[in-house]
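Good morning, and thank you for coming.

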Amino acid sequence: MHALRAAAAGRTASPSTARLINDRIALQLLQSEGPLTAGQLTSLTGLSRPTVADLVDRLQAAGLIAVVGESGARRRGPNAKLYGIVADRAHLVGLDLRAHSVTVAVADLLGRVRAERTVPIGPDDPPGRAVATALAALDTALGAAGAGRPQAIAVGAPGLVDPATGRFGGTDWIPAWHAALVGALQDRTAAPVLLENEVNLAALAEQRDGAATDRDTFVLLWLGHGTGAAVVLDGRLRRGASGGTGEIGFLPVPGTDGLPTAGGCDGGFHSLAGSAAICALAAAHGLRPGPPAPGAAPGADADTDADAPPAESVVRAAVAAGGSDAFLDALAARIALGVAAVCAVLDPGCVVLGGEIGRSGGDALATRVAGHLARISPLATEVRAGTVGGRAVLHGAVLAATDAAQNELFAPAR
């Protein structure tokens, strides 16, 4: 909002451009502050009363805002009316694709989730059947939300996403039905379908509503079945030339039996901090995985795939027991190697530990990683535990779809 104001103040705009800017400022205020009167909009925007009256009429005519109540002021009249965004003006969809499941969330124009559905995908299901299952889940969720055609769709999935084409690129290990589903979504709707790497969406969730709300520059280190990272610099997500920024599993590190190759990350950081490696480390310390996390379900940020080692449960149990310092310290030392490499190149000042391992380890693990990092890196770096919790990828997908829908609808015709 402040950027829009600065842009408006820094140049002479045509009347149509000025209206567009003013409308967007008003809509962003209504989104962040909730319902406001025309007088409050006048005060917060610095616009004249006639200008605000015009934009209120314009936005009402577009179906974007409506009278939602009165301010409670003693003097009734036009200035007492409270205007709010019509949340049901449009709906949007976020999807979280896993190896053996898909979760669909349908939200309104303010990003509030109205319906959600998770369905399993059989490991032997052909792509066509998997796509049909996912599309049926989408239709069910849309029906439950009372929604028609979505205004925007955002899909979070593992693997590289080419920033130039918005398509999967260079990842032979992703399930074939992922790409088939994205294609089917594009074929069945005129709405934009945004494909994004899952870790990047989790970083968006932490940036907006989690551990990094006060940081313009940070790195999210994803610790789960595999490892990954998302890089946010100066408030912007950085994807790299081919979408490969953050493929930290391929990072060569000491302590492994070899080096990664172009065809696989065994021997890289993944071999130290992936879930299989964490389970092996726990076993070496005499620890065994416990039961699944309470409430864990397919589509949550948990190792819910049938072939995923239950590293989350063993880390959670170690933290809860309070007597597994040796294991947690050894794990933190491994994680610190990857963090130190990221810091040496990017100097982000803040690293958020996400994924099911980062969430299960919480502050206990983050504090240990920070201690090891301070001994091997000269750069002051804060290490934080992610706070978004479960479904971080889905939450980020909803945020991305909300942004896309608002960018389209919050730009009324000139």
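Let me begin with a term: a residue is called buried when its relative accessible area is under 20%, exposed when that area is over 50%, and partly exposed in between, using a 1.4 Å probe and protein chains only. L30, at 4% relative accessibility, therefore counts as buried.

The model is a predicted one, in which local features need pLDDT of at least 70 and side-chain atom pairs count only at pLDDT 80 or more, while totals for chains, interfaces and linings use all residues. Residues are numbered from 1 along each chain as its sequence is written, and side-chain values use heavy atoms, with hydrogens and water left out.

First, the chain as a whole. The protein chain has 13 helices and 13 strands; these are DSSP runs numbered from the N terminus, with helices being H or I of at least four residues and strands E of at least two. Of its 414 residues, 49% count as buried. The accessible surface is about 18000 Å², and 53% of that belongs to carbon and sulfur atoms; such areas come from the Shrake-Rupley method with a 1.4 Å probe, and for residues only the protein chains shown count as cover. Contact means heavy atoms within 4.5 Å. Among contacts between residues at least 6 apart in sequence, 65% join residues at least 24 apart.

I now return to L30, which lies in helix α2. Leaving aside neighbours within four places in sequence, L30 is in contact with P35, L36, I65, Y83 and I85. L30 and G84 are 54 residues apart in sequence, yet their C-alpha atoms are 6.1 Å apart in space.

Helix α2, residues 15-33, also holds N22. Is N22 buried or exposed? At 13% relative accessibility, N22 counts as buried. With neighbours within four places in sequence set aside, N22 is in contact with L47, T51 and L55.

This brings us to helix pairs. Two packed helices are described by the angle between their axes and the distance between the axes. Axes are lines fitted to C-alpha atoms, for helices over the stretch in contact, and angles run from 0 to 180 degrees between N-to-C directions. Angles under 35 degrees count as roughly parallel, over 145 as roughly antiparallel, 65 to 115 as roughly perpendicular, and the rest as oblique.

Helix α2 and helix α4, residues 49-61, pack at an angle of about 80°, with their axes 10 Å apart. That angle makes α2 roughly perpendicular to α4. The contact is made by R19, N22, D23, A26 and L27 of α2 and by T51, L55, R58 and L59 of α4. These residues divide into four nonpolar, two polar and three charged. Here Ala, Val, Leu, Ile, Met, Phe, Trp, Tyr, Cys and Pro count as nonpolar, Asp, Glu, Lys and Arg as charged, and the others, Gly among them, as polar.

The next pair is α9, residues 275-284, and α10, residues 311-321, whose axes come within 9 Å and cross at roughly 45°. α9 is therefore oblique to α10. The crossing of α9 and α10 is left-handed, a term used if the near helix is turned anticlockwise from the far one by less than a right angle, with right-handed used if clockwise. S275, I278, C279 and A282 in α9 meet A311, V314 and V315 in α10. That contact holds six nonpolar residues, one polar and no charged.

In the loop between α9 and α10 we find P289. With a relative accessible area of 38%, P289 is partly exposed. P289 touches P310, S313 and V314, not counting residues up to four places away in sequence.

The last pair is α11, residues 325-346, and α12, residues 355-376, which pack at an angle of about 55° with their axes 7 Å apart. α11 and α12 are therefore oblique to each other, and their crossing is right-handed.

Finally, two loop residues. D347 lies in the loop between α11 and β12, and its phi is near 50°, a positive value in a residue other than glycine. D347 is partly exposed, at 44%. D234 is in the loop between β10 and β11, has phi near 55°, and counts as exposed at 62% relative accessibility.
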